[in-house]
Each structure stands twice: as structure tokens, then as C-alpha cells.
Amino acid sequence: MEHTPPPFFKTGPTPLARLLIFSALSLALLVADTRFNYLTPLRQIAAVIVYPLQRIASAPASIARRIGDFFVTHSSLRAENARLTQERLSNAPALQQLKALQAENRQLRELLAARERVNADARLAEVLYAARDPFSRKIVIDKGLQDNVKAGQAVVDTRGVVGQVTRAYPWLAEVTLITDKGQAVPVQNLRSGLRGVVFGVGQDGVLDLRFMPLNADVQNGDQLVTSGIDGTYPPGLPVAEVSNIERNAAFIFARITGKPLAGVASNTQVLVLAWHREVPQPPGETAAQPKRRKGKKG
Amino acid sequence: MALRPPQPHEILLPVKAGFIAATLVVALLANLLPWSGVVLWIKPDFLAVTLLYWCIHQPRKLGFAAAWLLGLAMDIGDASLFGQHALAYTLLVYAGITLHRRVLMFSIKHQVLHVVPLLLLAQLATLVVRMAAGADFPGLLYFTASFTGAALWPLFVLVLKLPQQPRLDPEHPAI
């Protein structure tokens with residue numbers, strides 16, 4: 001039924017006109033945001049307004065978790081304590097060796113006049129919620145620009161790489177998980193030293209090692225760690241374990257899939273690594289040019 | 001379909017603008033709760049259903065601008081594309097305002113049948129935007145939210161109409 005107000009009432013533009021105006025505005029926003037990334041300041045302002053609501057909405061879950069923590073039984077605490085002591089004992093030799101190895105490594109690097117690896121500065125953040133968007137895999141953490149969390153930083157848990165900060169708001173940050181479709185992580189095979197790039201495919205627990213030739217030296221069970229050549233992820237962090245290899249001569253590349261090692265979708269706390277490596281300027285670019293920012297797909 | 005004349009007309013109290021705003025904020029909060037897993041797929045878009053309720057029942061009280069701004073808030077909260085929910089809610093409000101006289105002719109049961117396609121329209125707009133931006137089709141389960149939202153319509157009508165019910169106080173016959 002057409003909604004046509006009698007002409008003698010002043011009612012402003014018709015619904016159809018309003019529909020067109022607001023649809024055009026939405027589409028303009030969509031294009032400006034996804035194609036050109038123009039709207040960062042606008043997003044920041046909107047994020048500050050929405051922030052209190054987000055905190056209120058995530059409060060019940062975190063209160064429930066805290067109450068759950070409070071009622072931990074004595075026996076489970078004892079069991080955990082015993083397990084941790086045992087783990088510490090079993091890790092102790094490795095740690096002692098690590099110190100010696102680090103010293104040796106430093107000396108060798110000095111001998112080779114190689115650049116020293118910079119230790120990343122880690123910051124603990126709590127996962128507020130997984131983004132409620134069926135199209136992408138993201139989590140929202142409770143540290144933002146105010147805590148020096150910036151877009152591009154790597155996010156890890158105790159077992160490996162979880163993802164990358166792709167958008168930082170004043171008190172929150174969005175982390176794109178490595179399983180998000182098209183999210184790339186440069187890796188190195190721990191056994192053979194072969195470098196490659198791992199892509200997310202948009203499913204939980206599946207990663208894709210792409211562009212590896214058919215005869216590439218990759219085996220089931222190989223560990224893939226970050227190679228660090230992108231300057232985003234510090235080198236040597238575990239990313240995935242190769243779980244399936246298909247070598248079909250009909251294709252140029254082998255089909256290699258792996259499982260992420262980190263609990264990508266099941267963490268409550270993660271570490272944000274602020275790691276910055278001085279990358280020499282690529283040849284052909286003059287120093288006068290402004291520094292180009294890293295793309296969001298690291 | 002049995003087209004009943006509107007039931008013995010209840011005379012409702014006028015709705016307060018503050019109440020509309022409060023319900024919309026509560027619906028936004030409900031959407032921002034940390035849903036996850038299967039529930040995330042099944043849960044209705046509370047804000048969409050609430051918006052639809054108000055633009056069907058009070059088409060002159062709820063503007064496009066409010067719906068559009070709430071859509072932007074959802075986009076920030078959901079880490080989705082900026083403008084995606086805004087577009088969906090704009091379409092929803094237009095459809096609601098255009099059809100409000102027709103929908104109100106029907107009983108609650110039959111109103112649900114109108115609500116399903118309207119919510120589907122909003123979801124379809126989101127889907128088109130995301131697929132144009134390069135996402136995969138997330139599967140038919142994605143559309144469940146429209147059906148659960150429509151199934152909750154009678155509950156929404158019941159709750160949102162409560163403060164408008166005239167007080168049935170025999171000693172102080174109001175109005």
C-alpha cells in the first residue's frame with residue numbers, strides 16, 4: 001500500500017525518497033570503507049560511542065567466568081599445581097640450554113655482523129568476544145590504542161600464532177584470526193627450512209599452504225613456524241602442522257593443508273606482540289617518499 | 001487467508017518516545033551479547049525485529065535516521081563492514097513503513113508470515129553486500145535468524161505493547 005500523506009500536511013520527503021537517500025549513504029560508506037579505507041576517524045568516533053554498550057554486554061559473561069574461577073575446588077588447584085611443577089622441571093633443562101644457546105647465537109651473529117633479533121614486547125589482553133559475523137573470523141580484545149596496541153601487530157597464545165590486529169580502537173582492538181578467509185602468514189618449514197605462505201580458508205581448524213611446487217619437501221606432521229620475512233610476525237612462532245598433502249600432476253601446485261597449532265578460536269587470553277624490525281628500503285624508492293603502511297593482509 | 005477486521009479495537013495509551021528509545025537500546029545490547037557457536041547462527045537479530053515492530057506500529061515515531069545510526073553501531077560492534085547493517089535496517093524500515101497498514105489488518109499469527117519475508121529482505125541485503133566484498137556464501141543456516149526472529153514476533157508484540165495497555169483498575173477508571 002502506498003504511503004501517501006495528504007498534500008496539506010507537511011511531512012517531509014516520502015519514505016521512498018528517504019529510502020534512496022539512506023541507501024545511497026550506506027553504499028557510499030561501504031565503498032569508502034572497504035575500497036579506500038577513508039573512514040578510520042569516523043569509525044573511531046563511533047567506536048567510542050558504542051564502547052560502553054559493548055562493555056555492558058560482555059559483562060555478564062565475564063562475571064560468570066570470575067564466579068566460576070572463585071569456586072575452584074581445592075583438589076583441582078592441587079592437581080594443577082603439581083602439573084605445573086612437573087612441567088617446570090621438565091622444561092628446566094631446555095631453558096638452561098636456551099640461555100647458553102642464546103649467548104652462543106649472539107656471539108655467532110656478532111661474528112657474522114648480522115642484525116640482532118629484537119625481542120618482541122608482549123602485552124596480555126583478554127578476549128572480550130568473538131565477532132558475531134558469520135562471514136569472517138575475528139575476535140575483539142580489551143586492549144587498544146591507549147595500551148599501544150596498533151593495527152598490524154601479531155597476536156599469539158601459549159601454543160602459537162592466533163592472528164593479527166587489523167583494527168585498533170581507543171580501548172578495543174579487532175584481531176583477524178589466521179583461519180579467516182585470505183589471511184596470510186609467511187611461514188618456514190621447521191624440518192626442511194622451506195619457506196611458504198599459509199592462508200586461512202574461512203573454516204575453523206584448516207589452513208592452506210599455497211603455491212608449493214609438486215615436488216616440494218613437505219611431509220605430514222611437519223611444523224610450520226613464522227619466517228619473519230614480512231616484518232609483521234616475529235620469526236620462529238609455531239603456526240601450523242601439516243595434516244594432508246595431495247600431489248596431483250594435473251595442477252601446478254601441491255594441495256597442502258594444515259591444522260593451526262594455537263587454540264585459535266578457544267582462547268580467553270592472548271598476547272599481543274609489538275615487534276618492529278627495521279626493514280631496509282626496497283631499491284628504487286627514494287628516502288623522501290613517505291613511509292608506506294603495511295597492508296592489512298600481512 | 002482469513003482477513004479479519006481488526007479485532008474489537010483496543011484503545012491504547014499513546015506511546016512515549018523514551019520507551020521506544022529504551023527498547024531499541026536494549027535490543028542493541030541483546031545483539032552485542034557475546035553469542036558464539038551455533039547459537040550465533042540461530043539467534044534472531046533483536047534490533048531488526050524491534051525496529052520492524054516500531055515502524056509497523058508507530059510509523060511516524062521512528063525515522064530512517066535512527067535506524068541508520070543504530071545500524072552503524074551494530075557494524076562497529078560486530079566488526080563487520082561499515083554500513084552493512086545500516087543498509088539492511090534502512091531497507092527494513094522502508095518495507096515496514098510501506099506495509100504497516102496492511103500488516104496491522106491481520107491477526108498476530110498471520111503477521112508472522114509478513115515478518116518472515118521482511119527480515120529475509122534485510123538479511124539478503126547484508127548477504128549481497130558481503131558477497132560483493134568477496135566473502136563466501138555462509139550456507140543456508142545463515143537465514144535461520146529471520147525465522148527465529150519471526151517466531152518471536154508474538155512475544156515482541158506482547159512485551160512492547162505492555163506499557164500502552166490501559167490500566168484496568170476498577171476503582172480508578174483511567175481515561
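Some ground rules come first. Residues are numbered from 1 along each chain as its sequence is written, while chains are lettered from A and ligands numbered from 1 in the order in which they are written. Since the model is predicted, local features need pLDDT of at least 70 and side-chain atom pairs count only at pLDDT 80 or more, though totals for chains, interfaces and linings use all residues.

## Chain B

Let's begin with the helices. Chain B has eight helices and zero strands, and its pattern along the sequence reads α-α-α-α-α-α-α-α. Here, helices (H or I, at least four residues) and strands (E, at least two) are DSSP runs, numbered from the N terminus.

Of the 175 residues in chain B, 39% are buried. Buried is a matter of counting: 20 or more other C-beta atoms must lie within 10 Å of a residue's own, whereas 12 or fewer makes it exposed and anything in between partly exposed, with C-beta atoms placed from the backbone.

Next come contacts, meaning pairs of residues whose C-beta atoms, placed from the backbone, lie within 7 Å. Among the contacts in chain B with a separation of 6 or more, 69% are between residues 24 or more positions apart.

Helix α3 (residues 46–57) of chain B and α5(B) have axes that come within 7 Å and cross at roughly 45°. That angle makes α3(B) oblique to α5(B). For angles, under 35 degrees counts as roughly parallel, over 145 as roughly antiparallel, 65 to 115 as roughly perpendicular and the rest as oblique. Axes are lines fitted to C-alpha atoms, for helices over the stretch in contact, and angles run from 0 to 180 degrees between N-to-C directions. The crossing of α3(B) and α5(B) is right-handed, a label used when the near helix is turned clockwise from the far one by less than a right angle, with anticlockwise being left-handed.

Which residues of α3(B) meet α5(B)? They are B:Ala48, B:Leu51, B:Leu52, B:Cys55 and B:Ile56, and their partners in α5(B) include B:Tyr89, B:Leu92 and B:Gly96.

## Where the chains meet

Between the chains, 38 residues of chain B are in contact with 36 residues of chain A. On the chain B side, the elements giving two or more residues are α1 (17–32), α2 (38–42), α4 (64–78), α5 (84–104) and α6 (108–132). The most come from α5(B), with ten residues. That side of chain B divides into 26 nonpolar, seven polar and five charged residues.

Here is one meeting point up close. The axes of helix α2 (residues 40–70) of chain A and α1(B) come within 8 Å and cross at roughly 60°, so α2(A) and α1(B) are oblique to each other. Their crossing is right-handed. A:Leu53, A:Gln54, A:Ile56 and A:Ala57 of α2(A) make the contact with B:Leu28, B:Leu29 and B:Leu32 of α1(B). Six of these residues are nonpolar, one is polar and none is charged.

## The strands of chain A

Chain A also holds a closed barrel of six strands, running β1-β2-β5-β4-β3-β12 with antiparallel pairing. From one strand to the next, the twist averages 45°. Strands pair if DSSP finds at least two bridges between them.

| Strands of chain A | Bridges | Direction | Residues standing opposite |
|---|---|---|---|
| β1 (residues 121–130) and β12 (residues 269–274) | six | antiparallel | A:Arg123 and A:Val272 |
| β8 (residues 207–213) and β11 (residues 253–260) | five | antiparallel | A:Leu209 and A:Ile256 |
| β10 (residues 238–246) and β11(A) | six | antiparallel | A:Asn244 and A:Thr257 |

A hairpin joins β10(A) to β11(A) through six residues.

Two residues have a positive phi without being glycine: A:Asn148, near 65°, and A:Phe211, near 60°. A:Asn148 lies in the loop between β2 (138–141) and β3 (154–156) of chain A, whereas A:Phe211 is in strand β8 of chain A. A:Asn148 is partly exposed, with 13 other C-beta atoms within 10 Å. A:Phe211 also counts as partly exposed, with 13 C-beta neighbours inside 10 Å.

Notes. Two residues are in contact if their C-beta atoms, placed from the backbone, lie within 7 Å. Ala, Val, Leu, Ile, Met, Phe, Trp, Tyr, Cys and Pro count as nonpolar, Asp, Glu, Lys and Arg as charged, and the others, Gly among them, as polar.
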